[in-house]
Amino acid sequence: MNNVWILWFIIDDCKARHCPLCVTFVDVRKAFDTVSTESVLQAAERIGFPPGMAMYMRRLYGGVFAQIRVGRTLGSLIHPCRGVRQGDPLSPLLFWAVMHWVLSRLDDRLRLGLGDGVSVNQLAFADDVALVSTTTMGMTRLLSELEDGMREVRLETNPAKSASLRILVSQGTRRWFCHPEPYLTLGGT
């Protein structure tokens, strides 16, 4: 809920200052099912899991095998290397750690100031991300960096469930207006 209020504040503040604003909502395709297991383990270590807990996580995620039985025929062993464990209360934290890692690599120079030294260029909503910038070039760069970071942890964007909003300021009247022309690509679309 905090991110909704922050986004509302950003929109209100940019409107009051007659400042352009670009917001892009990016959906992560099947996020919890497709994140790389190795990325999950590295992210857990990165956020400071104690060595014993990190070792436990490596055994928990690394020692999993499955077999599929069809009738009386048992298939070969499968070693899952993607996804967080469903139903595990630790899974949301682990996925958050991966997304934090990806988002922390976005260019800090492209942040919007909110006052009191606070600035943002993204807001995370579980498996969705809202990127914010005051320029189309900044938004293009943030989106490219997000896609690159997600690719490294084997996550993909879902262009069909993503959207962008570009609000510009009319030079003569200093009024806001939504610019309808597309300017971004996501996942090649």
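**A quick tour**

Guide: Tryptophan 5 is exposed, with a relative accessible area of 51%. Buried means under 20% relative accessible area, exposed over 50%, and partly exposed in between, using a 1.4 Å probe and protein chains only. This is a predicted model: local features need pLDDT of at least 70, side-chain atom pairs count only at pLDDT 80 or more, and totals for chains, interfaces and linings use all residues. Residues are numbered from 1 along each chain as its sequence is written, and side-chain values use heavy atoms, with hydrogens and water left out.

Visitor: How many aromatic pairs does the structure hold?

Guide: One. Tryptophan 5 and tryptophan 8 form that pair, edge-to-face, at 6.0 Å centre to centre with 80 degrees between the planes. Rings of Phe, Tyr and Trp (its six-membered ring) pair if their centres lie within 6.5 Å; planes under 30 degrees apart are stacked, over 60 edge-to-face, the rest tilted.

Visitor: Where do tryptophan 5 and tryptophan 8 lie?

Guide: Both are in helix H1 (residues 2-16), three residues apart, about one turn of the helix. Helices (H or I, at least four residues) and strands (E, at least two) are DSSP runs, numbered from the N terminus.

Visitor: New topic. Which residues of H3 are buried?

Guide: In helix H3 (residues 37-46), they are Thr37, Ser39, Val40, Leu41, Ala43 and Ala44.

Visitor: And what do the buried residues of H3 pack against?

Guide: Three helices: H4 (51-62), H5 (91-103) and H6 (136-152).

Visitor: Take serine 39. Why does it count as buried?

Guide: Because serine 39 has a relative accessible area of 5%. Serine 39 touches Val98, Trp101, Glu152 and Val153, leaving aside residues up to four places away in sequence. Contact means heavy atoms within 4.5 Å.

Visitor: What comes just after H3?

Guide: Glycine 48, which takes a positive phi of about 100 degrees.

Visitor: On to strands. In which sense do E4 and E5 pair?

Guide: Antiparallel, over three bridges, with E4 at residues 112-115 and E5 at residues 118-120. Two strands pair if DSSP finds at least two bridges between them. Glycine 115 stands opposite valine 118 in E5. E4 and E5 form a hairpin with two residues between them. In the turn, aspartate 116 has a positive phi of about 55 degrees.

Visitor: Last one. Is arginine 69 buried or exposed?

Guide: Exposed, with a relative accessible area of 58%. Arginine 69 lies in strand E2 (residues 69-70). Arginine 69 and proline 89 are 20 residues apart in sequence and 29 Å apart in space, C-alpha to C-alpha.
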